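Keep the viewer open and click along as we go.

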Amino acid sequence: MTAICVIGLGYIGLPTAAVLARAGADVVGVDVSARHVDAVNRGELPFVEPDLGEVVTDVVASGRLRAQRETPHADVYIVAVPTPFKGDHEPDLSYVEAAAEGIAPQLVGGELVILESTSPVGATEHVADVILGARPDLSRDDGDGRPVVHFAYCPERVLPGRVMAELVTNSRIIGGVSPQAAQMARDVYALFCKGDLRLTDARTAEMVKLTENSFRDVNIAFANELSLISEKFGIDVWELIELANLHPRVNILQPGPGVGGHCIAVDPWFIVSAAPQEARLIRTAREVNDSKPLQVVERVRQAVAGMAAPTIAALGLAFKADIDDLRQSPAVEITRDVARLPGARVLVAEPNISALPAALADAANVELVDFSEAIARADVIVLLVDHRQFKALDRSLLAGKRIIDTRGIWR
Ligand code: SAJ
């Protein structure tokens with residue numbers, strides 16, 4: 001049985017570990033967070049993701065998945081740790097490097113190291129350099145008789161909220177630092193993935209991932225730009241897009257309060273920072289999407305103009321519908337800025353969390369309440385996330401309120 005070590009038990013690493021264990025592999029999950037390790041060893045989830053809980057409970061109970069903080073020896077390592085950017089939008093590879101440093105002492109030769117974290121072009125070769133720099137007795141090719149370690153890049157492509165289905169059905173791009181590494185990695189993903197497994201080199205695979213998320217960012221920026229133009233012209237942008245999309249070759253995405261999450265708001269910068277002269281459209285899309293929260297705050301400011309002590313309901317904090325993930329969420333940024341409007345009291349309703357995040361917890365004029373209470377008490381309602389609870393709301397509750405619907409769900 002293949003021993004697989006998955007490093008990083010987050011939104012990608014834990015589901016991947018779980019489906020590998022379900023497929024029969026002997027899996028150890030490694031995480032720096034004691035909270036994540038303990039939750040997994042109890043068979044519980046440290047975060048919300050539909051359909052994952054049952055699988056984790058099952059594979060932990062059967063002994064095929066266990067979690068720990070130290071990196072063990074394994075035949076295959078899968079690195080799924082965060083790759084944020086630094087203040088200047090340069091990628092921060094410190095978590096990837098720390099994972100590589102943990103793997104290096106365990107190796108004996110013949111192992112496969114797969115990087116899944118979204119990374120700038122060249123990162124997989126950098127992982128090989130870090131590991132082989134620490135282990136000069138090992139090599140990345142067969143040349144001189146030293147034992148060989150294999151390196152591959154295989155980006156995850158799953159959509160938060162649909163991870164368990166998409167892990168199995170999505171096709172995957174597998175980039176080897178060598179052709180043999182790509183073939184070995186294909187055998188690992190073939191354990192659970194029913195989609196196409198397409199092999200290429202590591203640099204192409206890294207760029208494919210960045211391209212996919214930049215494609216989505218540019219297309220959302222187009223929708224967001226249309227929303228600004230439509231407001232100026234007094235046009236309903238959602239009707240505009242619905243009608244334009246009736247054309248057989250037009251497929252515009254949805255405008256919103258901005259683009260959040262740890263992927264689309266981050267990854268395009270990995271291209272821009274490495275190719276600033278060439279990546280002009282990708283940079284502009286990032287800027288358009290990043291400016292959208294400010295425009296929403298301005299609409300709230302106009303809506304409360306003349307009110308001495310406005311009560312504002314902020315509905316939703318997550319970066320998108322029906323998840324509990326607040327990372328890079330434009331809704332958090334907007335709520336924080338709205339709370340700074342003179343005299344404002346902000347009632348936050350987020351059905352998927354039980355405590356306000358640090359960015360809001362200190363503000364005395366912000367409280368987390370049930371959404372029906374927020375709506376009942378508010379003068380102005382700003383809808384920030386299209387959670388199912390808000391979509392299903394009895395519209396008569398909104399009567400007499402000033403409404404800023406950034407997702408177009410109450411049209
Ligand atoms: N958004 C809009 N309008 C839209 C679609 C999305 O404003 O029409 C906003 C969302 O509200 C959210 C942000 O964009 O704030 C990102 O949401 P998303 O659903 O587009 O994407 P993520 O970040 O949840 O997942 C993306 C996916 N990539 C693509 O669809 C190309 C997913 O497949 C990737 O695996 C994931 O990034 C990742 O981990 O890279």
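Predicted model: local features only at pLDDT ≥ 70, side-chain atom pairs only at ≥ 80, totals over all residues.

Let's begin by centring the view on the ligand. There are 21 residues around it, and the ones that come nearest are Glu156, Arg157, Lys209, Arg216 and Cys263. Which helix gives the largest share of the shell? That's α8, residues 202-233, with five residues.

Domain 1 covers 3-195 and domain 2 covers 213-405, and because both give residues to the shell, the ligand lies between them.

At valine 158, a polar backbone atom is 2.7 Å from a ligand oxygen. At phenylalanine 319, a backbone N or O atom also sits 2.7 Å from an oxygen of the ligand. With lysine 320 it's the side chain that takes part: one of its N or O atoms is 2.8 Å from a ligand oxygen. How much of the ligand does the protein cover? On its own the ligand has 770 Å² of accessible area, and the protein covers 89% of that.

Stay in this stretch of sequence and move along to the loop between β9 (311-315) and α12 (330-338), where you'll find aspartate 322. Its backbone deserves a look. Most residues other than glycine have a negative phi. Aspartate 322, though not a glycine, has a positive phi of about 60°. Is this residue buried or exposed, or something in between? Its relative accessible area is 33%, so aspartate 322 counts as partly exposed.

Serine 329 lies in that loop between β9 and α12 too. Its relative accessibility is 4%, so serine 329 counts as buried. Follow the side chain of serine 329 and you'll see that it reaches the backbone oxygen of alanine 318, at 3.1 Å.

There's another positive phi to check, this time at aspartate 51, where the value is near 70°. Aspartate 51 is in the loop between α2 (34-41) and α3 (52-61). While you're there, step back into helix α2 and find histidine 36. Histidine 36 has 14% relative accessibility, which is under the 20% cut-off, so it counts as buried. Leucine 14 is 22 residues away from histidine 36 along the chain, yet their C-alpha atoms are separated by 9.5 Å.

Next, the aromatics. The structure holds three aromatic pairs. One of them is tyrosine 189 with phenylalanine 192: the ring centres are 5.9 Å apart and the planes meet at 70°, so this pair is edge-to-face. Both partners are tucked away from the surface. Tyrosine 189 is buried, with a relative accessible area of 0%, and phenylalanine 192 counts as buried at 7%.

For a last stop, head for glycine 145, in the loop between α5 (123-134) and β6 (150-153). With a relative accessible area of 65%, glycine 145 is exposed. Where is glutamine 277 in relation to glycine 145? The two are 132 residues apart in sequence, and 43 Å separates their C-alpha atoms in space.

Conventions
Residues numbered from 1 in each chain as written. Heavy atoms only, no water. Near = heavy atom within 4 Å. Polar contact = N/O pair within 3.5 Å; in protein donor to acceptor, adjacent residues only side chain to side chain. Areas by Shrake-Rupley, 256 points an atom, 1.4 Å probe, with all protein chains shown as cover. Helix = DSSP H or I, 4+ residues; strand = E, 2+ residues; numbered from the N terminus. Domains from an automatic or database assignment. Phe/Tyr/Trp six-rings, centres within 6.5 Å; stacked < 30°, edge-to-face > 60°. Buried < 20%, exposed > 50% of the residue type's maximum accessible area, 1.4 Å probe, protein only.
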